[in-house]
Amino acid sequence: MQWSDEKKRASISDMKVIESSFDIRLPALYIDVQLQHHGARPCLTRFNTDQRTGAAIKSFLPVTEDYTVNVFDVASWLSGRIGANMIPFAGDSAGNYLCLYYQYRQGEPVVVLWNHEKEYTYEFVADSFGEFLGLLY
């Protein structure tokens, strides 16, 4: 997959800070993507949810606090508005966020799209981060 607008490289240490801060284990593929294409935009941006067709990614959120908009800031802004076990990882141009949803706190999280117009609601996207990447068109 091709990517554009990559940010300064992230490190394994940056990924471990996220895992520690949110008390989660990130999917290995998500870590690989961020290490290789930090905060970038995939060239295939469209995906479907269980409620809509053709949603689009603006970009993945950077994982370091070197950037104004990053995983930590977005999680803080959305605190109390998204599910307790949701970690935002990418945004769209309408203010919605793709999240890793650790609904059962064990195993790999599912991918959901949090809808800013309907707080506390989300749309199912994929059973795993890897499946999500495979669904992009």
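**The sheet**

Start with the open sheet of five strands, in the order E5-E6-E7-E8-E9, with antiparallel pairing. Its edge strands are E5 (59-60) and E9 (122-126), and each of them pairs on one side only. What you have open is a predicted model.

Now walk across the sheet, strand by strand.

Select E5 and E6 together. Two bridges join these antiparallel strands. Pick Phe60, and you will find Ala90 as its bridge partner in E6.

E6 and E7 run antiparallel and are joined by five bridges. Look for Met86, which stands opposite Tyr101 in E7. Then follow the hairpin of E6 and E7, with its five residues between the strands. Stop at Gly95 in this hairpin: its phi is positive, near 95°.

Finish with E9. Four bridges join E8 (residues 110-114) to E9, and the two run antiparallel. Leu113 stands opposite Glu123 in E9. Val111 stands opposite Ala126 in E9.

**Inside the sheet**

Colour by accessibility. How many of the six residues of E6 are buried? Six of the six are, and E6 is mostly covered.

Move to E8. Five of its five residues are buried, so E8 is largely enclosed by the rest of the structure. In a regular strand, side chains alternate between the two faces of the sheet. Show the side chains of E8 and check each face. Val110, Val112 and Trp114 are on one side, Val111 and Leu113 on the other, and all are buried.

**Tyr97**

Centre on Tyr97, in strand E7. Is Tyr97 buried or exposed? Its relative accessible area is 14%, under the 20% cut-off, so Tyr97 counts as buried.

Display its contacts, leaving aside neighbours within four places in sequence. Tyr97 is in contact with Leu61, Val74, Trp77, Leu78, Pro88, Ala90, Gly91, Val112, Leu113 and Trp114. For a distance check, pick the C-alpha atoms of Tyr97 and Ile82. They are separated by 9.8 Å, with the two residues 15 apart along the chain.

**The largest pocket**

Rolling a probe the size of a water molecule over the atoms shows where empty space is left. The largest pocket holds about 220 Å³ of space. Which residues lie nearest its centre? They are Lys58, Ser59, Leu61, Val69 and Tyr97, out of 13 lining residues. By type, the lining has six nonpolar, four polar and three charged residues.

**Helix H3**

Next, select helix H3 (residues 71-78). Its buried residues are Val71, Phe72, Val74, Ala75 and Leu78. An α-helix has 3.6 residues a turn, so residues three or four places apart point the same way. Show what covers the buried residues of H3. The cover includes helix H1 (12-22), H2, strand E6 (86-91), strand E7 (97-101) and E8.

Zoom in on the two ends. Asn70 caps the N-terminal end of H3, with a side-chain oxygen 2.9 Å from the backbone nitrogen of Phe72. After H3 comes Gly80, with a positive phi near 85°.

**His37**

Go to His37, in the loop between helix H2 (28-36) and strand E2 (41-42). His37 is buried, because its relative accessible area is 17%, under the 20% cut-off. Which residues does His37 touch, not counting those up to four places away in sequence? They are Trp3 and Glu6. Draw the line from His37 to Glu6: their side chains make a polar contact at 2.7 Å.

Last stop: two loop residues.

Select Asp5, in the loop between strand E1 (3-4) and H1. Its phi is near 60°, a positive value in a residue other than glycine. Asp5 is exposed, with a relative accessible area of 55%.

Then jump to Asp23, in the loop between H1 and H2. Asp23 is not a glycine, yet its phi is positive, about 55°. At 59% relative accessibility it is over the 50% cut-off, so Asp23 counts as exposed.

How values were computed: Residues are numbered from 1 along each chain as its sequence is written. This is a predicted model: local features need pLDDT of at least 70, side-chain atom pairs count only at pLDDT 80 or more; totals for chains, interfaces and linings use all residues. Side-chain values use heavy atoms; hydrogens and water are left out. On a 1 Å grid over the protein atoms alone, a cavity is a set of points where a 1.4 Å probe fits but cannot get out, and a pocket is an open set with protein on both sides within 12 Å along at least five of seven lines; lining residues have an atom within 4 Å of a point. Grid points are joined across faces, edges and corners, and a volume is the space filled by probe spheres set on the points. Ala, Val, Leu, Ile, Met, Phe, Trp, Tyr, Cys and Pro count as nonpolar, Asp, Glu, Lys and Arg as charged, and the others, Gly among them, as polar. Buried means under 20% relative accessible area, exposed over 50%, partly exposed in between (1.4 Å probe, protein chains only). A polar contact is a pair of N or O atoms within 3.5 Å; within protein, one must be able to donate a hydrogen and the other to accept it, and residues adjacent in sequence count only if both atoms are side-chain atoms. Contact means heavy atoms within 4.5 Å. Two strands pair if DSSP finds at least two bridges between them.
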